[in-house]
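Hi,

Here is the structure I promised to pass on. Have a look at it first, and then read my notes below.

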Amino acid sequence: MPRYDDLDRLEVLTVVTGQLVNETPLRVGAGRETPFGSAVDIAPITIRFADGRSVPYIPGSSMKGVLRSLAEAMVRAQGKVVHSPWDFEKIEDEARNGNYCIICGTFGSTKLASHIRIYDVYPETDALTFVKTSVGINREFRGVDPGILYTEQQVVPHVRWSFRMDVVNIRVFPEPQDERGELLIRLIGMLVDGMVQVGARRTLGYGRLRLEKGSYRVYEVEEGRLVKKAEGDGG
Ligand SMILES: [Zn+2]
């Protein structure tokens with residue numbers, strides 16, 4: 001029976017870093033729409049740096065959400081049942097029995113802290129944007145409505161972004177030690193293969209990310225200090 005409620009103590013910390021490259025245009029921001037008629041109706045999430053520059057970025061929580069749904073799909077593809085993140089009865093059950101599923105045991109639930117943390121993803125090169133105008137869909141009649149034009153701001157392809165994920169108490173590298181470690185290896189493999197998409201317009205192929213220069217460092221606690229035990233490029 002898996003006991004994944006072990007976050008009261010740190011045993012092993014794995015830090016995965018690398019550069020994400022968006023291979024296709026990236027629309028950051030999940031549907032926060034301003035009224036039609038403004039210059040950019042759907043804005044990417046932007047942040048202003050201390051030097052005054054405003055840059056788009058991908059919140060770590062969005063990135064984590066994308067990886068979680070991908071993980072759910074991969075576990076389902078193995079023929080296993082995956083409960084919804086809103087199935088509170090099942091989540092209560094898991095907590096009562098201390099028997100957490102692979103998804104909650106990795107990404108957390110309302111009853112269990114997450115074993116992974118994904119940092120906000122910032123551009124490392126100039127994140128140039130362009131504005132695209134599209135024809136809207138009439139919601140009532142479900143047809144294309146040329147009367148509704150909307151614009152969205154997108155990041156040009158091939159921008160490089162910082163990526164960092166911390167994994168706590170799951171052994172992933174150099175060899176996975178449980179089903180969650182194996183799942184994370186496969187997720188990272190999908191990032192390396194450019195199979196992960198973020199942002200809106202995913203059905204159009206937008207927001208496809210590839211992980212390059214990926215590497216890992218593994219730390220363990222020894223006499224109250226974090227000591228580096230292994231590192232590598234995952235290859
Ligand atoms: Zn669960």
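To start you off: does W86 count as buried or exposed? W86 counts as exposed, because its relative accessibility is 65%. Keep in mind that this is a predicted model.

W86 also has a ring partner, F88: the ring centres are 6.5 Å apart and the planes sit at 65°, so this pair is edge-to-face. F88 itself is partly exposed, at 42% relative accessible area.

That is one of four aromatic pairs in the structure. Another is Y57 with Y122, where the centres are 5.4 Å apart and the planes are at 25°, so the pair is stacked. The two come from distant parts of the chain, 65 residues apart: Y57 is in the loop between β3 and α1, and Y122 is in the loop between β4 and β5. Y57 counts as buried at 14% relative accessibility, while Y122 is partly exposed at 24%. Ring pairs also bring in F49, making a cluster of F49, Y57 and Y122.

One more ring to look at is Y4: R180 lies over its face, 3.6 Å from the ring centre.

Next, find Q197 in strand β8. Its side chain reaches the backbone oxygen of Y206 at 2.9 Å. Q197 is 171 residues from L26 in sequence, yet their C-alpha atoms are 9.0 Å apart in space. At 22% relative accessibility, Q197 is partly exposed.

Finally, the cysteines: the disulfide count is zero. C104 is buried at 0% relative accessibility, and C101 is partly exposed at 21%.

Cheers

Key:
Residues numbered from 1 in each chain as written. Predicted model: local features only at pLDDT ≥ 70, side-chain atom pairs only at ≥ 80, totals over all residues. Heavy atoms only, no water. Disulfide = S-S within 2.5 Å. Buried < 20%, exposed > 50% of the residue type's maximum accessible area, 1.4 Å probe, protein only. Helix = DSSP H or I, 4+ residues; strand = E, 2+ residues; numbered from the N terminus. Polar contact = N/O pair within 3.5 Å; in protein donor to acceptor, adjacent residues only side chain to side chain. Phe/Tyr/Trp six-rings, centres within 6.5 Å; stacked < 30°, edge-to-face > 60°. Lys NZ or Arg CZ within 6 Å of the ring centre and 35° of its normal.
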